[in-house]
Amino acid sequence: MGDNVRVENVEQAKQNQEYAQALADLLFQLADDDFILAYRGSEWLGLAPHIEEDVAFSSMSQDMMGHAVMHYQMLEDLGLGKADDLAQLREAGAFRNAILVERKNGAGEYNDNPHYDWAYAIVRSYVYGLYKQVRLESLLQSSYAPLALISRKMLTEHRYHLMHWQVWLKQLANSTKEARQKLETGIARVWEDAGELSSLGQNADNIVRFGLIAGEELLRQRWLANTKDIFQKAGLSWPGEPGVPTERGRLGEHTADLGQALATLSEVYRLDPVAKW
Amino acid sequence: MQTQIERFNMTENEKMEAFLARIDRGEKIEADDWMPDDYRNQLVKLISMHGMSEIMGALPEKEWVPKAPTLRRKLAIMAKVQDEMGHGQLLLRVAEDLIAPLGKTREDLMQDLFTGRLKFHNVFHMEAPTWADAGVIGWLVDGAAIITQSMSLDTSYAPYARALHRICAEEKFHAQHGESIVLELAEGTAEQRQMLQEAITRWWPSLLMFFGPPENGNITSNQASNMRYKIRTQTNEELRQVFLKKYLPRIFHLGFTLPDDTIYFDEAEDKWVYQQPDWEAFKQIVKGNGPRSAHRLNLREMSYEETKWVRDAIMSFGRQVG
């Protein structure tokens, strides 16, 4: 297999070990990004600035969680283990999400003195969402037909998320001085990590060679061009090239925040992973 | 149809008589219709408490949303709790229309919640320490809510009835969601069954209290006027009996017990006879002295205060554009 390959189903994918490995690596990135950010979103439940937003934010977190489930299911189909085990029993070092999505929502715990930062929530969701848009659009041409198919379905939901975050960005950027300042602080914090989003990890060459998705540089350029345009329309100054965190999540290096997230989200399942829940 | 001028010329007594005649004819009252202050006040009290209970009711389950044990359960409980917030929003919109003529807004309702003037349901003051509690809340608390809300589907206040129709439809899914969690635990390992038994035992007094104290023939003035206005049609005890008849056989069928050795079904009277919960404790709980009252109110108030800048920003943006 090489250029112009098209793999119709999981059985064909499994026939080439190298292809299956590259596909799995990419799927873990897709699944883990959405899973962990949806988890962070679920921690916001009941704490959003107003009730209408609580409902909307929760709905978007569910969509993201739903996308993660579809990707974990594809990994299960590839023979890598049960979707529930993949989501809840792997150690932090096996996760391939970008660091940006694992950062805590703010100080405190979701049920104990949460001092959450709405500006950070908006910027993180929007900047990640803009990258996800570019990634899904590229996946429409993926050599792995089942992935191209579900990406189309995800894009239809995802467009509404972007519209939602766009309204927030515009409103906060053009309202009070306080909101503007908090927004700019949120942007600066997101910018410290955002550069890692377009990384395809250690197997990037094979992922691209097999036509699973476009190359890192192309994805990055498209994403930054879109983001720059949106910042400009909102009247925000461009923060320049996004940085990369010290830990490289795509390589399995993570902060203590991911450990906390995993311990919480798997607490009940780990009581007895063999039992039915 | 009366013209506005005719109505203007009516005395307060005549307006009241005309209003009660509408109620007796089974007509529905809309937000802009004339209504006696007493009717409005009863509705505000009932609907704002119902709305805040939905919102505060999201908090005990919120504790289990990030921890739900499987991907399927994670998706289901996120959707479920989102629905509860949505119900709160629907109901607060109904309450907002009722308090608007009094010069009040949602902000006043939020502040009333924080000061303790506006109460929320006793069940949401309680602890939910295990995953089985999340199941019992969905199965039995939502099951109890369906019973009280179904009674009000035919309420004389049309906007409330419309909200309740939607809410009840969704609550039925919630009860199924809760039942599904409970059945999985009931058919599970010894540890899972024990977790569920402990949750049922823990929730039993709160479930009895859910419907309010029994009348023992003495219906309170509030209840009496709500029945006169056709806001509600059944007493606390009647509703509690509906609940007991529906759920006790199911609990016993699954092999679980209740912390009440004396409970039995009286065939002749066609009712369950049970040990009364501590109604003094009930009063304390709804006053805000329950085991989790302060924690949950603090969580809600803190997040509300810390996001004030966001609501200010939205208002400011609206003014600039408008």
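The legends below describe close-up views of a predicted model. Local features need pLDDT of at least 70 and side-chain atom pairs count only at pLDDT 80 or more, while totals for chains, interfaces and linings use all residues. Residues are numbered from 1 along each chain as its sequence is written, and chains are lettered from A and ligands numbered from 1 in the order in which they are written.

**View 1. Helix α6 of chain B, residues 131-151.** Helices (H or I, at least four residues) and strands (E, at least two) are DSSP runs, numbered from the N terminus. The expected span of a helix is 1.5 Å times one less than its number of residues; for the 21 residues of α6(B) this gives 30 Å, and the end C-alpha atoms are 30 Å apart, which agrees. A kink of about 35° is centred on B:Ile137, where the bend is the angle between axes fitted to the seven residues ending at a residue and the seven starting there. Of the 21 residues in α6(B), 17 are buried. A residue is buried if 20 or more other C-beta atoms lie within 10 Å of its own, exposed if 12 or fewer, and partly exposed in between, with C-beta atoms placed from the backbone.

**View 2. The contact between chains A and B.** Chain A contributes 45 residues and chain B 42 residues, two residues being in contact if their C-beta atoms, placed from the backbone, lie within 7 Å. On the chain A side, the elements that each supply at least two residues include α2 (17-43), α3 (51-77) and α7 (145-173). The most comes from α3(A), with 12 residues. By class, this side of chain A has 21 nonpolar, 15 polar and 9 charged residues. Ala, Val, Leu, Ile, Met, Phe, Trp, Tyr, Cys and Pro count as nonpolar, Asp, Glu, Lys and Arg as charged, and the others, Gly among them, as polar.

**View 3. Positive phi at B:Lys230.** Phi of B:Lys230, which is not a glycine, is near 55°. The residue sits in the loop between α9 (221-228) and α10 (236-253) of chain B. B:Lys230 counts as partly exposed because it has 18 C-beta neighbours inside 10 Å.

**View 4. Positive phi at B:Asp270.** B:Asp270, also not a glycine, has a phi of about 60°. Its loop lies between β1 (264-266) and β2 (271-273) of chain B. With 9 C-beta neighbours inside 10 Å, B:Asp270 counts as exposed.

**View 5. The hairpin of β1(A) and β2(A).** Strand β1 (residues 106-109) of chain A runs antiparallel to β2(A), and 3 bridges join them; two strands pair if DSSP finds at least two bridges between them. A:Gly106 stands opposite A:Tyr116 in β2(A). The hairpin connects the strands through 2 residues.
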